Amino acid sequence: MLTAFLIAWPLFSVLLVLMLGNTSAKWTALMSSLVQFGVTMYALCTFQVNAEVQFGLDIPWITQLGIHFNVGMDGISMLLVLLTNLLMPLILLSSVRKDYDKATLFFSVALVMQAALVGVFVARDMFLYYIFWELALIPIYLIVMIYGGANRVKITFKFFIYTMLGSLLMLVGILFLYFLTPGPQHSFDYKVLSAINPDRITQGWIFWAFFIAFAIKMPVFPFHTWQPDTYTTAPAQGTMLLSGIMLKMGIYSVIRWILPIVPMGVADWGKVALVLSLIGIVYASWIALTQKDMKRLLAYSSIAHVGLISAAIFSLTVIGLQGSMIQMLTHGVNVVGLFFVAQIIYDRTGTFNLPDMGGLIKKAPILATLFLIILLGSVALPLTNGFVGEFMMLKGIYEVSPWIAAVGGLTIIFGAVYMLRTYQASMLGELNPALENFEDLKTSETIVLGVIAIIVLVVGVYPKPLLDMTEPSIAAILKSFYHQTLTLK
């Protein structure tokens, strides 16, 4: 029931937001997200560290088609639910100083998106998972279309085309799997789908149907071209939702659905996916080095980091997958902080252009300090959260090939270059005379960035609880993967 509550509560809160109207919408949504986070922390504290599904609920829904409302959390789901419900109050708090037109609409769709994201991470029935996947897309379309910047209609249409193409491919794969399950009553159940073991050619086709859908969402080269424009055009909170949480849908889905269900497809084509991920790392990092627009630079940086996470998954090692799991959390936290810093600077200067900044540390020392901590986490400095995941991912990739690990490690080298240059251009040097009236952080801004900075340091120093939580589920998925590939050979 607890898992079902985490889906239902944001939807119930939408009714409260609609009843109370524009004046109270932001505070109602914020209070709702804090309740959601509190319940998530209770779930985390009572979670048993094993590979079993906990807090489950399985209710027959459309019995004629074998569809169940089947939800629950193992260690992998628990980590992503924690990320979602940790970041949502921070994202909503970051918006309290901004007055949105149609505020009721904005905060309502944000809460719908929160419910759908939780649903994606806890669904154990693939049809239910697909419904939540699609439901999570609608709010972000509306947020970008209504509240985005210049060319938002064109850019949102491009985003729509990409994601709909991916969704249709995934739906074809889901239906194909469904009809492969034993009849006459077919099933979308996770356990049933994991046990069908189609022939390797069939698995190859299903692998690509799923992987392309997930690669678009992550995004992985060459399915990434929607991302920089969408991230740049979306309002700050929309960009935070996209980068901090929504792209994790794709990464999570590779681990949850591809590895256990089409293991021979992964065995045959996983190396191709790994190479595409590596190309994305180098390509996005190189473009990030040339960017002068701070928000666009962060968008390309995100592609590079996600490329390394994807490569680590296809290393098919326990340490590589565990690194990808913890990096999903740390990337989500860090990227929300970085995009919020960019928006704070924009709100005070009217520009994302780095050459128009400079010397802001003299006017905003608190901003500069918190920005530096979050930035150091992003470039994987030891004792920060980014170091833990990146070290484990590279170790897992190294077990496959030292040369591939060397290419993957470029994300750290390039990342240090363009992120430190960004800090230098914005915070250090002579103060731009036009920024003489630049103000330091307000209370709500300090809370958001302060919480993120604390997470950067705490997870970097003591990541053990997060690693312990995910390890049994990761080990179980890989054990099943290797057992099935050996059997099918």
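Which residue takes a positive phi in the hairpin of S1 and S2? In this predicted model, the residue is Gly 66, with phi near 70°, and the hairpin has four residues between its strands. Strands S1 (residues 54-62) and S2 (residues 67-73) run antiparallel and are joined by six bridges. Ile 62 has Ile 67 in S2 as its bridge partner.

Most residues other than glycine have a negative phi, and most peptide bonds are trans. Asn 197, in the loop between helix H7 (190-194) and H8, has a positive phi near 50°. This residue counts as partly exposed because its relative accessibility is 30%. Leu 316 likewise has a positive phi, near 55°, and is located in the loop between H13 and helix H14 (318-349). With a relative accessible area of 14%, Leu 316 is buried. The loop between helix H8 (200-217) and H9 contains Pro 219 as well as Pro 222. The bond joining Met 218 and Pro 219 is cis, with omega about -10°, and the peptide bond from Phe 221 to Pro 222 is also cis, with omega near 5°.

Helix H9 (residues 226-233) packs against helix H13 (residues 294-313) at an angle of about 140°, the axes being 9 Å apart. H9 is therefore oblique to H13, and the crossing is right-handed. On the H9 side, the contact involves Gln 227, Pro 228, Asp 229, Tyr 231 and Thr 232, which meet Lys 295, Arg 296, Ala 299, Tyr 300, Ser 302 and Ile 303 of H13. By class, this contact has five nonpolar, three polar and three charged residues.

Key. Residues are numbered from 1 along each chain as its sequence is written. This is a predicted model: local features need pLDDT of at least 70, side-chain atom pairs count only at pLDDT 80 or more; totals for chains, interfaces and linings use all residues. Side-chain values use heavy atoms; hydrogens and water are left out. Axes are lines fitted to C-alpha atoms, for helices over the stretch in contact, and angles run from 0 to 180 degrees between N-to-C directions. Helices (H or I, at least four residues) and strands (E, at least two) are DSSP runs, numbered from the N terminus. Angles under 35 degrees count as roughly parallel, over 145 as roughly antiparallel, 65 to 115 as roughly perpendicular and the rest as oblique. A crossing is left-handed if the near helix is turned anticlockwise from the far one by less than a right angle, and right-handed if clockwise. Contact means heavy atoms within 4.5 Å. Ala, Val, Leu, Ile, Met, Phe, Trp, Tyr, Cys and Pro count as nonpolar, Asp, Glu, Lys and Arg as charged, and the others, Gly among them, as polar. Two strands pair if DSSP finds at least two bridges between them. Buried means under 20% relative accessible area, exposed over 50%, partly exposed in between (1.4 Å probe, protein chains only).
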